[in-house]
Amino acid sequence: MMMKRMFLILLSLFSLQTWAQDPIKDAVTKGKELFGDLKARHIGPALMSGRITDLELHPSNDRIIYAGTAGGGVWKSVNGGATFNPIFDEYCQSIGAVEIDPSDPDNTVWVGTGETWTRNSVSVGDGLYKTVDGGTNWIKVGFEKSERIAGIQVNPKNPKEVYVAVLGPLWNDSEERGLYKTIDGGKSWNKILYVDKTTGCSDLTLDPKDPNIVYCSFWEFRRQPWSFSSGGTKSALYKSTDGGKTFAKIHNGFPKGKLGRLAIAVAPSNSKILYTVIESEQDQDKGLYRSDDAGVSWKQLNNDFGIVVRPFYFSRIEVDPRNPEVVVKAGLMGSISRDGGKTFKNLGPNHSDVHDVVFDINNSDRMYAATDGGIYRSWDGGTTLEIVENMPVCQFYHVSVDNEEPYHVYGGLQDNGCWYGPSKSPGGIEASDWHRVGYGDGYRVYPHPTKKLIYSEMQGAENVWRFDPAKDQAKTIQPLAEKGEMDAKHKLRFNWNAAMAISPNKPDRFYMGSQYVHRSEDMGENWTKISPDLTTNDPAKQNQETSGGLSRDNSGAENHCTIFTIAESPLDENVIWAGTDDGNLQLTKDGGKTWTNLIANVPGVPKGTMVYHIEASVFNKAYAYAVLTGYQTGDMNTYVYKTTDFGQTWKSIVTPEIYGFARNIQEDYVNENLLFLGTEFGLYITLNGGKNWYKFTNNMPSANVHYIELHKKTNDLVIATHGRGIVIIDNISPLRELTEENMNKDLYFFTSKPAIIPEENGFGGNSTETQFVGENPSTAARIIYYLKKRHTLGKMTMEIQDVNGNKITEMGPGKSKGINVIDWNFSTKPPKMATAKTFALGGFITPRVPAGTYKVVIRKGKDTYTQDIVVQYDPKSDVPLADRKLQEEATRKLYNMSQELAYTVYEIDETLKAAEGVKGKSAANAKAVAPLIAQLTALKETLVVTKGDNYVGTAEPQLREKMAELYAKVAQSFYKPNNAEVNNLEAIETRYTNAKADLKKIKDKELKKLTPLLSPEKGKFAQVPMKTYDEFIKEP
Amino acid sequence: MKYKFVLALLTIASFTVAKAQTVDEIIAKYFENTGGMEKWKALQGIKMSAKANQGGIEIPIVITQLKDGRQATSINFQGKDIKQGVYDGTTLWSTNFVNMKAEKSDAETTENFKKDIGEFPDPFLTYKERGLKAELLGKETIDGAQTFKIKLTKKPIMVDGKEAENIVYYYFDSENFVPLVIEQEIKTGQMKGAIQQNKMSDYQDVDGLMFPFSLAQGIKDKGSQTLTISKIELNPKVDPSIFVMPKEN
């Protein structure tokens, strides 16, 4: 017995281990067990889409296209680029390269994560992935520390031979860089070419005719938070002719001196012709070079702006598969040459910043371009381009919300300005629902807390606008240099993503952060500096003017020693926190008179680590959360801390369950222990103040979360992803009740707020078939409960009852372990309609219940669980209660009348059936029942349609159809019936009363001729077999 | 000594777990737990009476399936029976909701349908004989439950004129060894590329065989509609005329 028990314990221990051994995976699994039906919805937008990094075409099926994105994962089109669907949601969303295995193009696809267009805001990758079923399932093959993969090539003659170009980390040294090869399909990898820790493999291609010929480029590059360096003595272009055993530089004809980023392309139709684009020391040497002898010698052809612009961001060269003289170079607008690279013109108008272009496999007029604003299709060789409209892969930096109903969502986007749009809209949230409120790279946007005004900004606070949407007027309001701030040493330093904040205490108060905290009490009209320079002001970190390396790149993106986050305590306007990008965490408790740098109190953080976000707690003014990121120095650790003593001490709330460095935390407003954390790889939730974290994966991709906002009124969690647009989890309030006690109950009903019957029945639906439409929130009454275990065996039902226990409706209950959410749209059953030739469409309308208290009853096996649910009329409505009662009364009347009519028709049908049954038995019979049949048939023809169809062949409507039509109008309305409806109802009622009288007359006169002809039931007089009204109504 | 004993136990334990993870073990356990392979194989037909609930509207549905592939779904609206997905052995047809007349399915749909004949009553019952492939992909948590994810590769189908793979994913409960969720990519139409998801629960006994009496059908991460089965008849007496496509009057 003892042994058996021990065995069982061991067995359970073992199985626990097998299910849960890796804390990161454990956080995902436990999240799936917990969150159940609590699902995210995506509202996009997609009208400006987002950055696409790599395009890959199927080699023989022109319907199939894969797209890698900067922060939105991998998307696949199966309809020639009309629409795309995401297929990589569970994994790192930053994509470097996508490669289809040419031997098995329907199934095998490789994905290298980590974008290689290395702007300052670029995300990181976490390795190489592979699918063998066209993208349904993925496995990670390795290269976890590669950070960025620039290219993958599969030998078309041997799928086990794969090359992987690891560009490697952007911010630090790494020995992971280099060119790798497997000869066993990815089981083992050899680094076949390595330069050094600073120089990664940036481009890769095979000779299409001879896969033993390998070309690859290496790039010496490094980014620091305050500068970027492209180029050095180690950048080079290599060729191997023996499948990567040996490599030689092919620089004959190259410029002298240091080289930067180099691209390489082989013309598919003539593999002697190669193109490279060279970043070099002298401007006149830069540009496109061509070799006509497979790399033996090179000749410079072109150094137009479009060819040499920003090599770190644009490098890709694509050659027309059918014509070696047609070549496209990625760039600001994208450039195309039709004379072998001698001259170029821009591609037609599209979104700027083109990263990749591909030609269709069959038709060179058909092209696809990957831009900062989505995928563009061309049908005429790149002159006219149109955007793919269903890819919400925009990259938000920030999000805020207002208090309108429905509330709006505000935020700024990478290279796509600032926008706001509704959280809900008739027919779904469509492209036309979004409004632009800023140009350039958009960052932070805030609605004024009480006035209908919007603050927005573009990069580096070059413009900060206060916009009045009603008047369509924008005013720039950013703090500008004053006397003594005009020289480089003393100028105002704004981060590229400049700090902005509004006060939770004073609606007109508005903050900006340069190296100083600027405060305005009048919405930006006047500014006061309320702090000294809060940064380290380290001159060594302020050399952005020389940033770029071989190609100067002073966009302002490298501005450093700036304030990045400002937070005024909601509990005390004098308590203000500020965090800087160079690692200071500052606090004032006297409204800015004195500041204290608290960073030394934060344990375990390397000096200089960026203070990305500070969340001032709503529970106590001494409480705050700080999120720090060190990724810009190669430190991928997660840093999240809480203080309860004004920053004197900080405690880490990070566990090994969290994957990825964090950028933002959001505190719940009710439950102090409920926190939401955004990391590079998704959303995490803790129920116990950070002792354990769950990953939230329900329709929430592993996207880079930049900012999280909790809407106070709706309890909606609004998430700004940097690659998948805005994602909302509606009403997170159930999470507040997930105590251990409640989770131990077999079934626990969460507290529900009264459900409001929304008085809306508008139109919407302005989108075309291939456009993305954001999902609306549910407006139904939500029945939310927790199940301890997934219900699988035996019966489980759910119904809604009125206060007297009468069943209103039945619904399919949720059976998941964890949170279940069932929507009840306040409907009861539709009326039972008379059977006819066609449908009475109005009869499918279900009446709404009146306001009141209802009971949810769940029966699970032998157990019954109940909860009251309060239904209220829309408080925003102007319909008086007396009018509602008139509407309900008229609905009820028409409902009942429709059912009675159904019974009348049933009676007629049954009688006709009986009469028809005896008619053929004798001539006498036929004669006896002929008047009955004739009269009933004539009557029936006035009650229901007996011919026609449900479309344009429809018959003239009869009583049923007229009744149903009025019923639908009245039942769906929120108003009392108008005079036309009242009069119409009266007319219908009169006609029905007359019909019933007619039926009675016929029955009185003619039925007695039929009944004697029927076979009597046992012990009864002969009569037409007939269900009672109640039996008839209850039958399905 | 004690240490050795624990090790030995662990080895047994790991063997047990590993063994229970082969795809055929899982499938065998499924049939064993739901009535036995032989009883399933002997089944000639079923008739299911169910109701679908769509926004408060309860729609009575009767589904009839026979071993030879004939099948019919009858949906009742306002007292009228509308037939959907009816197969009479040759023709796949449905009633058009607008003019209430029977119409043939397009040739591609019919041909694809025919490839599944022989699946009755369960695709796993004779999958090997029919040349299908089942693979265990691993463990996955779905609906909060721990499951085994099995990939069933069926015969390729044609999609808009091109051949395409036909793959269905089954998630078998690791506790009861019954399918909890079935997923399949939608290959054509407006929802092309989305994942169709059916969730099964309320398994109950019908004359010795276990059937799910609740089917939630929907699109993954979107809403679903529940089909609640009230009655299942095994080997029902069926009037063959229900499968016959009516001629136009």
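Start by selecting A:Lys642 and A:Lys651: these two are bridge partners, the latter sitting in strand 51 of chain A. Strands here, like helices, are DSSP runs numbered from the N terminus (E, at least two residues, for strands; H or I, at least four, for helices). What you have open is a predicted model, in which local features need pLDDT of at least 70, side-chain atom pairs count only at pLDDT 80 or more, and totals for chains, interfaces and linings use all residues. Residues are numbered from 1 along each chain as its sequence is written, while chains are lettered from A and ligands numbered from 1 in the order in which they are written.

**Around the lysine pair**

Now widen the selection to strand 50 (residues 635–643) of chain A, which pairs with strand 51 in the antiparallel sense over two bridges. Pairing asks for at least two DSSP bridges between two strands.

Click on A:Ile149 and you will find A:Val166 of strand 11 opposite.

**Into the core**

Keep A:Ile149 selected. It is among the residues with the most contacts inside the largest nonpolar core, which has 241 residues; A:Ala165 is another. Such a core is a set of buried Ala, Val, Leu, Ile, Met, Phe, Trp, Tyr and Cys residues joined through C-beta atoms within 7 Å. Buried means that 20 or more other C-beta atoms lie within 10 Å of the residue's own, with C-beta atoms placed from the backbone.

What does A:Ala165 touch, not counting residues up to four places away in sequence? Its contacts (C-beta atoms, placed from the backbone, within 7 Å) include A:Ile149, A:Leu179, A:Cys201 and A:Cys216. A second, separate core of 34 residues includes A:Met897 and A:Val944.

Now show strand 14 (residues 199–206) of chain A, where eight of eight residues are buried. Seven bridges join strand 14 to the antiparallel strand 15 (residues 214–224) of chain A. One pair to look for is A:Gly200 with A:Trp219 in strand 15.

**Where the chains meet**

Bring chain B into view. The contact takes 54 residues from chain A and 48 residues from chain B. On the chain A side, helix 1 (2–19), helix 2 (23–35) and strand 63 (807–811) each supply at least two residues. Helix 1 gives the largest share, seven residues. The model scores ipTM 0.89 and pTM 0.94.

**Last stop: chain B by confidence**

The mean for chain B is 89, and 92% of its residues reach 70 or more. Over residues 1–19 of chain B, pLDDT stays under 50. Where pLDDT is low, the predicted coordinates should not be read in detail.

Note on methods. Buried ≥ 20, exposed ≤ 12 C-beta atoms within 10 Å, placed from the backbone. Contact = placed C-beta atoms within 7 Å. pLDDT = per-residue confidence, 0-100.
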